[in-house]
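This report goes through selected side-chain and helix contacts in one structure. The sequence and model are shown first, and the notes follow by topic.

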Amino acid sequence: MASNHFFFISLGIAAVSVSAGGHLWGGMILLLVVISRIIRLDNRVTWGLLFMSLVIFGSHLWLQEQRLSQRQLPLLAPAQTTELAVRVQPDAITIRGSLYYLVATKISNEERVILRGRLTSAAQLQDLQHVQRAEVWQITGQQQRLLPATNFNQFDSANYWRHRQVVTEIMVTTLTSRKPALRHWWQGFGDWWHARRAQLIRYCERLPGALKVYALGLLPGAKAAESMVELQGMQRLGLLHLFAISGLHVALLLTAAEWLLVHLRLQREHWEWVLLFSLPGYWILAGASSGVLRACLMRGLQLAGKRCPFYLSTLDTWAVALVAGLWLNPGLLFELGGQLSYGLSLALILLQSETWWWRQVGLTFLGLPSLLTGIFQWHSLTLLANWIVVPLFPVVILPATLIGTLSYAWLPALSRGCAQVLGVFDTGLQWVAQLPGNVLFGRPLWWVTWIWVAGTWWLFSRPVGKRRRWLSLLAVSYAVMYGVIHYPLTGEVAYFDVGQGDSILIREPFNRHVTLIDTGGRLALPQPEWAATPPVTYNAERTSINYLKSRGIDHVDDLYLTHHDADHIGDLPAFLKDLQVKRVLVPAGMEQEPGWARLLANSATPVSVQPIQVGSLVGLHVLHPFEAGPADNAGSLALQGTFGRLNFMFMGDLDQAGERKILTTAPQLRTDVLKLGHHGSKTATAPAFVAQLQPRLAIISAGRQNRYGHPNPETLATLHRATVAAMSTQTRGMIRYVYTDNRQGTWQTKLISKGNARDNQ
């Protein structure tokens, strides 16, 4: 078969994967392009292989989907108590504070499941930290389906794990027993390498400073708890493709190993066979990511081509690696790591004859759609950073990581020196990332990103003299998409699903004014003395802040904090760090409470705190409180506003006594949409209050299976008697009302398809 024909076959398989993954039309268009190209090749063997490959791969996807559907529990079904035995690999266990999680395999049917549990003692912590081989655990726990993304534009972890054959999560209540796993002959190879990876992870976790983060990421492919802090600059500058996900370090390590073996004067035909057969083990040792798989497969095929009588071009080895990656992970092309690893490596192959300048332009514009879709932003200094950092990676970063790791046991001073070098490098990247030039772009439409990728490849099919014109048109298309995202024709009132808490966005058309009511949050449980304190994380970074950034919003004009409870204001530090908050409005009296003031520390910009009460002239109409007092539930803010021809009322955690005060002063008060007070608790939403307001729709924000029993049956009965439709974030996820100026809008929910309020009853 002619050279590079495997490339077109792999694209056909990729098209099937894309269609099956949810982008039907995108996959079909790609398949038509592949078929048209193969028609021009006029090669029957290629036609036959394409047809056979599509049938085999399509059957594989169908059988896999059938198996997962049979194992998958109903969405939002109550957790089921289960007792079972699972097989656990030592390198799968991750511990954060007193919590642990891992992916294990059921002994009964080989199904992979996620386990989450809480450590009960220092002895148990020590035991799990020193697991050295595969074990069988007998556990009791609550089994439930992995929940999909419940907010728009949120990372869908359930989909991510489904691509890896995992659809079930078990909250472990009792770890009854642990014993060494029986090892069948086909499991011995993998078990040995998993054990070595566990040893490597434990060794790297003892390394000092930044060396720990780099060693864990580049050697066993693990993630340090500190990586979110250490790698902030690298992430903002779009350089994460250098760090494990692209597999660049794998190629460098293999090249270094070959150089060493050559200089040891060993016979090439011997060590090449050893290297070839050790690559599957190295894939496990390095974390088994898509980038590592691609790099190992491409290098393995090249070595096999030398030892066996066959030849594959570099493009064909990439194609075989793509097919293998899609076979193991059908969602590979929907993940940022897979897109960057396979996309940028393909670009390096196809653009190798280009000049340095055009090659950098190609890599930037081919990686940009994935970065904007995944992290919504791009730094204008990315091109310069790539130009500086990429050459440093093989001569400074990787050598410092390897030398520091190897020398730690016998020369710790050298290891600390390497850690300082990497720390200086990190500090420099963070300083550069803070320079002006970071563009919060927002999430582009998926079909636009396809056009951008196709347009970039079209650009490089043109003669060099005509490229600048097409490059200008490509840049203009980005500018147009930026304008569409940042100045939308629609506004919205959005109730985020933040679990047991509140957070509400009010965004006017063209983003004229951005208002947020509460931030959500959770009460942090104290860690036992024997457990390390994990880094502080905020749920808002994955829910509400993530959504704002996806819409290109980098600021909040007015942030109302209804009262001082953690489930309403606990995530405030995340907003102050990541966004520009122009004004914080609190119920009168709360500004004098010292307990919550610590949340204002470390704000990126100065914060103006304004106490408000009934009569205050602010963006929303203030219904409560009437006077200054403690910012508890009884002193909660109650707010009102009209958007898209509907009147909205937001009750915070206000109780029935506060509701009576509002009715006494405003007996003619009405509303269309009532956000229930205190998450639907019976302490709020009195029948008389509902009868007076006559709402058409009630919104409830409460956590799934929360310990308080919210919403209370009495409250639901009150709504039922008043014939008020209700929507809850528990069952609908994020709820939003999207409207244009002076026009009635539509209701949308994340877990239910689009429709109006009546459709969502």
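Thr317 is found in helix 13, which spans residues 314-328. The model is predicted, and in it Thr317 has a relative accessibility of 1% and counts as buried.

The side chain of Thr317 reaches back to the backbone oxygen of Thr314, at 2.6 Å. Leaving out residues up to four places away in sequence, Thr317 touches Met298, Leu301 and Leu312.

## Helix 15 against helix 18

Helix 15 (residues 356-375) packs with helix 18 (residues 446-460) at an angle of about 170°, and the two axes are 9 Å apart. Angles over 145 degrees count as roughly antiparallel, so helix 15 is roughly antiparallel to helix 18.

On the helix 15 side, the contact is made by Trp358, Val361, Gly362, Phe365, Leu366, Pro369, Leu372 and Thr373. These meet Thr449, Trp452, Val453, Thr456, Trp457 and Phe460 in helix 18. By class, the residues of this contact divide into 10 nonpolar and four polar, with no charged residue.

## Salt bridges

Side chains of opposite charge can pair when their charged atoms come close.

Asp191 and Arg183 meet through their side chains in a salt bridge, with an N to O distance of 3.5 Å. Asp191 is buried, at a relative accessible area of 4%, whereas Arg183 is partly exposed, at 42% relative accessibility. Both residues also belong to a network of salt bridges that links Arg87, Arg183 and Asp191.

Asp502 forms a salt bridge with Lys675, and their closest N and O atoms are 2.4 Å apart. Asp502 lies in the loop between strand 9 (490-495) and strand 10 (504-507), while Lys675 lies in strand 20 (residues 673-675), so the pair ties together parts that are 173 residues apart in sequence. Both Asp502 and Lys675 are buried.

## A partly exposed pair

Glu508 and Arg512 form a salt bridge through their side chains, at 3.7 Å from N to O. Glu508 has a relative accessible area of 25% and is partly exposed. Arg512, at 44% relative accessibility, also counts as partly exposed.

Definitions and conventions. Residues are numbered from 1 along each chain as its sequence is written. This is a predicted model: local features need pLDDT of at least 70, side-chain atom pairs count only at pLDDT 80 or more; totals for chains, interfaces and linings use all residues. Side-chain values use heavy atoms; hydrogens and water are left out. Axes are lines fitted to C-alpha atoms, for helices over the stretch in contact, and angles run from 0 to 180 degrees between N-to-C directions. Helices (H or I, at least four residues) and strands (E, at least two) are DSSP runs, numbered from the N terminus. Angles under 35 degrees count as roughly parallel, over 145 as roughly antiparallel, 65 to 115 as roughly perpendicular and the rest as oblique. Contact means heavy atoms within 4.5 Å. Ala, Val, Leu, Ile, Met, Phe, Trp, Tyr, Cys and Pro count as nonpolar, Asp, Glu, Lys and Arg as charged, and the others, Gly among them, as polar. A salt bridge is a side-chain nitrogen of Lys or Arg within 4 Å of a carboxyl oxygen of Asp or Glu. Buried means under 20% relative accessible area, exposed over 50%, partly exposed in between (1.4 Å probe, protein chains only). A polar contact is a pair of N or O atoms within 3.5 Å; within protein, one must be able to donate a hydrogen and the other to accept it, and residues adjacent in sequence count only if both atoms are side-chain atoms.
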